[in-house]
Amino acid sequence: MNTASVTHWSTLDYEPGEQFVAWDSALNDNYGSWISDHSRPKTFNAQVERIEKGSMRVIKCRCEPCKGTRPARLAKAERDHFAVVQLVKSGKEVMVIDEAEHLLEAGDLIVWDSTRPMMFDVRSELDKVSLVM
């Protein structure tokens, strides 16, 4: 029987000056290629739990406000193409996909894929669950 692997990650494992850089790396490891906003706070709080089995991943993510973009050049260069079903449990996030803006709040669900140019803007502390396939 093939069992799932579970990984826990937190910015609390890093020094305050290194937390946002570590978050930037965790963001890319879990959600593909992104360019984070250049305004890097001194401290940044985020936790990720990743449950992986085969080609499916469930990612539970909590983070403070932040922004990022996936420009067309990154979307086209993405090696692994995947789709994401994302449920916002609490907080507020704006996602812009193909120039359409989506305001996501608690209970909202969105489907996106790694081949599309997009941006995100977490406006308040966010708690979300994503199914990546």
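**A loop, then the rings**

Modeller: Let me start with a loop instead: Glu99 has its place in the loop between β6 and β7, and please keep in mind that this is a predicted model.

Biologist: What is phi of Glu99 near?

Modeller: Phi of Glu99 is near 70°, which is a positive value in a residue other than glycine. Most residues other than glycine have a negative phi.

Biologist: And is Glu99 buried or exposed?

Modeller: Glu99 counts as exposed, because its relative accessibility is 79% and the cut-off for exposed is over 50%.

Biologist: What about Asp98, where does that lie?

Modeller: Asp98 also lies in the loop between β6 and β7, and its phi is positive too, near 50°. Asp98 counts as partly exposed, since its relative accessibility is 40%.

Biologist: OK, on to the rings. How many aromatic pairs does a search of the whole structure find?

Modeller: The search finds seven aromatic pairs. One of them joins Trp34 and Trp112 in an edge-to-face arrangement, with 6.0 Å from centre to centre and 80° between the planes. This pair links distant parts of the chain, as Trp34 is in the loop between α1 and β2 while Trp112 is in strand β8, 78 residues apart.

Biologist: Which other ring does Trp34 pair with edge-to-face?

Modeller: Trp34 forms an edge-to-face pair with Phe120 as well, at 5.1 Å centre to centre and 75° between the planes. Here the partner is in strand β9, 86 residues apart from Trp34.

Biologist: Why does Trp34 count as buried?

Modeller: Trp34 counts as buried because its relative accessible area is 7%, and the cut-off is under 20%. Phe120 is buried too, with a relative accessible area of 5%.

Biologist: Which rings are linked into a cluster?

Modeller: Ring pairs link Trp9, Tyr14, Phe20, Trp23 and Phe44 into a cluster.

Biologist: Changing topic, how many residues are in the largest nonpolar core?

Modeller: That core has 28 residues, and those with the most contacts inside it are Trp23, Cys63, Cys66 and Trp112. The largest share, six residues, comes from α1.

Biologist: What does Cys66 touch?

Modeller: Leaving aside residues up to four places away in sequence, Cys66 touches Phe20, Trp23, Phe44, Phe120, Asp121 and Val122.

Biologist: Last one: which ring does the charged end of Lys128 sit over?

Modeller: The charged end of Lys128 sits over the ring of Tyr31, 4.8 Å from its centre, and the charged end of Arg57 sits over the ring of Phe82, 5.7 Å from its centre.

Definitions and conventions. Residues are numbered from 1 along each chain as its sequence is written. This is a predicted model: local features need pLDDT of at least 70, side-chain atom pairs count only at pLDDT 80 or more; totals for chains, interfaces and linings use all residues. Side-chain values use heavy atoms; hydrogens and water are left out. Rings of Phe, Tyr and Trp (its six-membered ring) pair if their centres lie within 6.5 Å; planes under 30 degrees apart count as stacked, over 60 as edge-to-face and the rest as tilted. Helices (H or I, at least four residues) and strands (E, at least two) are DSSP runs, numbered from the N terminus. Buried means under 20% relative accessible area, exposed over 50%, partly exposed in between (1.4 Å probe, protein chains only). A charge sits over a ring if NZ of Lys or CZ of Arg is within 6 Å of the ring centre and within 35 degrees of the ring normal. A nonpolar core is a set of buried Ala, Val, Leu, Ile, Met, Phe, Trp, Tyr and Cys residues joined through side-chain atoms within 4.5 Å. Contact means heavy atoms within 4.5 Å.
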